[in-house]
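Please read the following note beside the sequence and the three-dimensional view.

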Amino acid sequence: MRKKVTVRTLLNMKKSGERIAMMTAYDFPTANLLSDAGLHVLLIGDSLGMVVQGHDTTVPVTVDHMVYHTNMVSRGADGPLIVTDLPFMSYHASLEVAMRNAARIMQEGGAHAVKLEGGREMATTVSHLVDAGVPVMAHIGLTPQSVHALGGFALQGKTLESAQRILDDALALEAAGAFAIVLEAVPAQLAALVTQRLTIPTIGIGAGPGCDGQVLVFHDFIGYTSGYIPKHNKRFADLADMIQGAAKAYVEEVTNGTFPEDAQTVRLDADAWDALSLQLKGEPDAAN
Ligand code: KIV
């Protein structure tokens with residue numbers, strides 16, 4: 001049994017300069033393996049809409065999907081903090097809607113915290129959730145739920161104005177009570193500056209090495225995709241090649257009759273087979 005990572009653990013890690021390792025997970029076996037490998041935070045990201053469901057964006061993902069996947073991950077993980085994305089439009093209509101959906105993710109899914117996208121405009125929502133006992137991780141920079149408003153999955157904070165906005169958003173979210181902030185696709189110097197200015201940890205993805213922690217999307221990290229690989233990703237393994245190689249070998253062995261072999265086959269012993277053959281003798285489908 002691992003010592004449980006809590007929101008407080010992450011704050012202490014920032015204070016002591018210990019880096020935070022976060023990864024997305026969407027199911028039981030992955031959560032089990034990542035948890036045993038020592039991940040500090042598992043994120044049930046709405047990226048599942050793209051890497052698991054096969055959509056082009058995260059927009060089609062619903063609260064039901066997030067609850068379903070969180071439930072599997074929370075059964076598989078023992079130790080990491082479990083954070084789940086509030087998906088597109090599940091926290092905008094009213095504070096009540098945001099509270100209800102966060103409650104579902106924690107009560108039905110088993111998450112310890114929620115993540116939501118957006119800057120200072122989300123500060124009121126964050127503080128209401130936090131006041132109600134829901135730990136909130138914020139997410140700024142490239143916010144994939146706004147992909148259509150942003151005009152694509154592009155680097156953010158490149159101009160003085162947008163860099164200033166990202167810094168101000170981070171400060172507003174910290175003041176509202178967020179316990180950590182994901183910085184996605186922002187220049188490394190800006191991410192390092194935001195990290196220095198905050199007392200809560202920053203978790204970077206495509207934001208350089210100056211953040212307090214890093215997060216990767218599981219399927220990208222493990223090379224379990226045949227599609228587009230973001231520039232910020234480092235493939236730590238090549239599962240796509242392994243799976244395809246194994247699948248081709250399987251097709252070959254099934255079609256040429258070399259699988260199953262003796263090792264995968266169970267046979268009756270000779271006496272039992274003789275008795276069965278005797279009993280079946282004379283029946284239309286008898287085995288000779
Ligand atoms: O949905 C997700 O996986 C995320 C990470 C990319 C941070 O939000």
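Helices (H or I, at least four residues) and strands (E, at least two) are DSSP runs, numbered from the N terminus. This is a predicted model, in which local features need pLDDT of at least 70, side-chain atom pairs count only at pLDDT 80 or more, and totals for chains, interfaces and linings use all residues. Residues are numbered from 1 along each chain as its sequence is written, and side-chain values use heavy atoms, with hydrogens and water left out.

1. Thr-58. This residue is found in the loop between helix H3 (48-51) and H4. A residue is called buried under 20% relative accessible area, exposed over 50%, and partly exposed in between (1.4 Å probe, protein chains only). Thr-58 is buried because its relative accessible area is 2%. Contact means heavy atoms within 4.5 Å. Not counting residues up to four places away in sequence, Thr-58 touches Asp-46, Ser-47, Met-50, Pro-144 and Gln-145.

2. The annotated residue. UniProt, in an unreviewed entry, lists Glu-184 under "active site". UniProt positions are given in the numbering used here, feature names are shortened, and annotations may be inferred rather than shown by experiment. Glu-184 belongs to strand E6 (residues 180-184). Is Glu-184 buried or exposed? Its relative accessibility is 12%, so Glu-184 counts as buried. Leaving aside neighbours within four places in sequence, the residues in contact with Glu-184 are His-139, Ile-140, Gly-141, Leu-142, Pro-144 and Ile-205.

3. Side chains of opposite charge can pair when their charged atoms come close. A salt bridge is a side-chain nitrogen of Lys or Arg within 4 Å of a carboxyl oxygen of Asp or Glu. The structure holds 11 salt bridges. One of them joins Lys-4 to Asp-78, with the closest N and O atoms 2.9 Å apart. This pair links distant parts of the chain, 74 residues apart: Lys-4 is in the segment before helix H1 (7-16), and Asp-78 is in the loop between helix H4 (63-76) and strand E3 (81-85). Lys-4 counts as partly exposed because its relative accessibility is 49%. Asp-78, at 27% relative accessibility, is also partly exposed.

4. A network of salt bridges. Which residues are linked in a network of salt bridges? They are Arg-120, Glu-121, Arg-165 and Asp-169. Within this group, Glu-121 forms a salt bridge with Arg-165, the closest N and O atoms being 4.0 Å apart. That pair links distant parts of the chain, 44 residues apart, with Glu-121 in the loop between strand E4 (113-117) and helix H6 (123-131) and Arg-165 in helix H8 (residues 160-176). Arg-165 also meets Asp-169 in a salt bridge (4.0 Å, N to O). Asp-169 and Arg-165 are separated by about one helical turn because they are 4 residues apart in helix H8. As for accessibility, Glu-121 is partly exposed at 49%, and Arg-165 is partly exposed at 42%. Asp-169, in turn, counts as buried because its relative accessibility is 7%.

5. Aromatic rings. Rings of Phe, Tyr and Trp (its six-membered ring) pair if their centres lie within 6.5 Å; planes under 30 degrees apart count as stacked, over 60 as edge-to-face and the rest as tilted. By this rule there are 3 aromatic pairs. Among them is the tilted pair of Phe-218 and Phe-221, at 5.9 Å centre to centre with 50° between the planes. Both residues lie in helix H10 (residues 218-221), 3 residues apart, about one turn of the helix. Phe-218 and Phe-221 are both buried. Phe-221 also forms a tilted pair with Phe-236, at 5.5 Å centre to centre with 45° between the planes. Here the pair links distant parts of the chain, since Phe-221 is in helix H10 and Phe-236 is in the loop between H10 and H11, 15 residues apart. Phe-221 has a relative accessible area of 14% and is therefore buried, whereas Phe-236, at 53%, is exposed. Ring pairs link Phe-218, Phe-221 and Phe-236 into a cluster.
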